[in-house]
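Work through the exercises below with the sequence and the model in view. Try each task before reading its solution.

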Amino acid sequence: MEKPKTKWYFRTSYIIIAFLCVGPLMLPMVWFNPHYKTWLKIVLTIICLVAGYYMAIGTIELVKLLGKLYRDLGQLGLDW
């Protein structure tokens with residue numbers, strides 16, 4: 001008897017690609033995956049949320065830095 005094929009969205013490689021592309025939006029792929037044990041789902045969720053938190057903090061800091069840069073350029077009188 002043949003073993004049923006795993007759906008493409010349950011393959012680990014696609015879950016990793018989804019994490020790199022859309023971050024926490026990939027969590028349903030993890031939680032609906034019948035091949036992952038509950039402890040692994042919890043660990044992956046924590047990793048994803050912590051990474052998302054630091055990416056959000058980095059984005060906020062980058063926006064603040066860019067705002068300061070544009071203000072400084074405005075004070076120099078440069079016209080773009």
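**Exercise 1.** State how many aromatic pairs the structure holds, and classify the pairs W8–Y9 and W8–Y14.

*Solution.* The structure holds four aromatic pairs. Rings of Phe, Tyr and Trp (its six-membered ring) pair if their centres lie within 6.5 Å; planes under 30 degrees apart are stacked, over 60 edge-to-face, and the rest tilted. For W8 and Y9 the ring centres are 5.4 Å apart and the planes stand at 85°, so this pair is edge-to-face. For W8 and Y14 the values are 5.6 Å and 75°, so this pair is edge-to-face. W8, Y9, F10 and Y14 form one aromatic cluster.

The model is predicted: local features need pLDDT of at least 70, side-chain atom pairs need 80 or more, and totals for chains, interfaces and linings use all residues. Residues are numbered from 1 along each chain as its sequence is written, and side-chain values use heavy atoms, without hydrogens and water.

**Exercise 2.** Decide whether W8, Y9 and Y14 are buried, partly exposed or exposed.

*Solution.* Buried means under 20% relative accessible area, exposed over 50%, partly exposed in between (1.4 Å probe, protein chains only). W8 has 51%, so W8 is exposed. Y9 has 31% and is partly exposed. Y14, at 34%, is partly exposed.

**Exercise 3.** Check the span of helix α3 (residues 38–75).

*Solution.* Helices are DSSP runs (H or I, at least four residues), numbered from the N terminus. The expected span is 1.5 Å times one less than the number of residues. For the 38 residues of α3 that gives 56 Å, and the end C-alpha atoms are 56 Å apart, which agrees. Just after α3, G77 takes a positive phi of about 80°.

Technical notes
Helix = DSSP H or I, 4+ residues; strand = E, 2+ residues; numbered from the N terminus.
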